[in-house]
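Have a look at the model alongside my entries.

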Amino acid sequence: MTEVTCKTLDGGAIALDADALAGLRAQIRGSVCLLGDADYDKSRTIWNAMIDRKPAFVVRAAGAADVVAAVKFARAHQLLLAVRGGGHNIAGNAVCEGGMLLDLSGLKSVRIDPAGRTARVEPGATLNDFEREAQAFGLTTPTGINSTTGMAGLTLGGGFGWLSRRFGLTIDNLLSVDIVTADGELRRASAEHNPDLFWAVRGGGGNFGVVTSFKYRLHAVGPMVFAGLIVYPYAQAKEILRGYRDCVARAPEELSCWTVMRKAPPLPFIPAEHHGTEVLVLALCYSGALEEAAAVVEPLRSLGPKIAEMLAPMPFAGWQTAFDPLLTPGARNYWKSHNFTALSDAAIDVAVDYVSRLPSPECEVFMANLGGAVNRVPVDATAYPHRNVEFVMNVHTRWRDAAQDDQCIGWAREMFDAMAPHATGAVYVNFMPSDEAQRVRAGAYGPNYDRLAELKAKYDPQNLFRLNQNVAP
Ligand SMILES: Cc1cc2nc3c(=O)[nH]c(=O)nc-3n(C[C@H](O)[C@H](O)[C@H](O)COP(=O)(O)OP(=O)(O)OC[C@H]3O[C@@H](n4cnc5c(N)ncnc54)[C@H](O)[C@@H]3O)c2cc1C
């Protein structure tokens, strides 16, 4: 008797009877859930509330052996397969409609080796799970800026945050992965083992298999860093951004300063009359010697009259959670992103103009500053190719009411188009929404696309792992 009908890779569907699912259950230490089961909704609910998909069934993996069994099952029955790590990706590929969902979010182990300065991290760990354990030893590696993001998806796309100018991307600090490839084999990929596969997973996203363990190189950081926010009036945003651009060009690599343009949230250190009005925020983290911090950040504090500032020595793991309250799950979100080798005056003018017309109170435009160690890695050293980028803009549209979808998405696309003449045309794969498949080749991978496609043909000729920013075999 049919227990569940599941979509297949060829666009059809297959009836899976109770015996088939019982056979799968017998091999799984975790669980297999169907619609109505306790954990089914937990697995299918992700950060972006625009994504509301119902898989035919969910495998909640408890370890690498479960992943092997699940991948073999999907392959044997030719099932449409989605893979979920932290569930943060804007495009929503972590969940599929009517297919099989392999949920790794229960795999959260983080093991730090303080002597070897390495970390072993399972694919359901969030940045916070990792940071708390690593910082217990005064160690870390560069990740992103929102602590509820998954280590898995972030790493597989590249990964950058407050420490990237100093230590490179997350993948530049990746030493090896354990990965289940489409043939169901559990392999090691590193500089010594399957180096071509190791090259591909450092930026190639979920295209090459399911990673069951990541091993990172760690660096001594903190536990205290000098960090915080400087809030400038929006009326001066253009001049401040020009000054900011010049400051960060001269800043040491221990300093990372990103900008956020948005309506001021009601934070206690911002005077109430500014709450809900546009502001330009500089968010910074200095991970060098604390006694040098004040002098290093001074140029960024004196770009003009300020509305407010909150700068202090604080635990790095705490600073990593600073943006969490603004980026909680459950809102509707749509992103558009550009890379820049330089921020021209014209680009600044366009950005400031668009942010003065935000379509909803929670929208924001982030500008990350990269360069430094990220750009000292050759373009062809990893699948991630963007080694000339100084700034990454993310138009982060966020709202609550589905009736506002068209207005908010329309505004983001318009701003993106207006910024395009000033940008490189390339894009960070982890910031791409679901409707940008046409940007994967030239935008996300550029000179590295052909090699990725060859390796996809070698490791996943059937394109079993297709629910991602897909590289066709
Ligand atoms: C609020 C917010 C802030 C962010 N800030 C940053 C930032 O500062 N820096 C940055 O670099 N990025 C940032 N990102 C982007 C982030 O890197 C991506 O969204 C990333 O894909 C999230 O990984 P995840 O595991 O949570 O996502 P998921 O949605 O679970 O996974 C994304 C995709 O990765 C693949 N995948 C996941 N796990 C595995 C696995 N174990 N094996 C194989 N494939 C897998 C799948 O194809 C899946 O569809 C941010 C995202 C959000 C929502």
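Which strands does helix α8 lie across? I looked this up before anything else.

**Ground rules.** I am working with a predicted model, where local features need pLDDT of at least 70, side-chain atom pairs count only at pLDDT 80 or more, and totals for chains, interfaces and linings use all residues. Residues are numbered from 1 along each chain as its sequence is written, and side-chain values use heavy atoms, with hydrogens and water left out.

**Entry: helix α8.** I find that α8 (residues 237-250) lies across β14 (224-233), β15 (255-263), β16 (278-286), β19 (364-369) and β20. Its direction is at about 165° to β15. My helices (H or I, at least four residues) and strands (E, at least two) are DSSP runs, numbered from the N terminus. Contact means heavy atoms within 4.5 Å; axes are lines fitted to C-alpha atoms, for helices over the stretch in contact, with angles from 0 to 180 degrees between N-to-C directions.

**Entry: the seven-stranded sheet.** I traced an open, antiparallel sheet of 7 strands, ordered β17-β14-β16-β15-β19-β20-β18. The edges are β17 (308-315) and β18 (332-340); each has a single partner strand, so one side of each is left without a neighbour in the sheet. From one strand to the next, the twist averages 15°. For pairing, I ask that DSSP finds at least two bridges between two strands. I then followed β18 to its antiparallel pairing with β20 (residues 391-399), which runs over 9 bridges. Along it, Lys336 has Val395 of β20 as its bridge partner.

**Entry: the run into β14.** I noted a cis peptide bond from Gly222 to Pro223, with omega near 5°. Pro223 sits in the loop between β13 (219-220) and β14.

**Entry: the five-stranded sheet.** I traced another open sheet, with 5 strands in the order β7-β8-β12-β10-β11 and antiparallel pairing. Here β7 (110-113) and β11 (186-190) are the edge strands, each with a single partner, so one side of each is left without a neighbour in the sheet. The twist averages 15° from one strand to the next. Helix α4 (residues 127-135) lies across β7 and β8, at about 30° to β7.

Entry: I looked up Asn194, in the loop between β11 and α7 (195-201). Its phi is near 45°, a positive value in a residue other than glycine.

**Entry: the ligand.** Which residues come nearest to the ligand? Of the 35 residues around it, they are Gly85, Gly87, Asn89, Phe160 and Tyr428; I count a residue as near if one of its heavy atoms lies within 4 Å. β5 (81-84), α5 (151-157) and β12 (210-217) each give at least two residues to this shell, and α5 has the largest share, with 4 residues. I sorted the shell into 18 nonpolar, 16 polar and 1 charged. Ala, Val, Leu, Ile, Met, Phe, Trp, Tyr, Cys and Pro count as nonpolar, Asp, Glu, Lys and Arg as charged, and the others, Gly among them, as polar.

Entry: I found a backbone N or O atom of Gly86 at 2.8 Å from a ligand oxygen atom, and one of Gly153 at 3.0 Å from a ligand oxygen atom. The protein covers 97% of the 960 Å² of accessible area that the ligand has on its own (Shrake-Rupley method, 1.4 Å probe).

Note on methods:
Polar contact = N/O pair within 3.5 Å; in protein donor to acceptor, adjacent residues only side chain to side chain.
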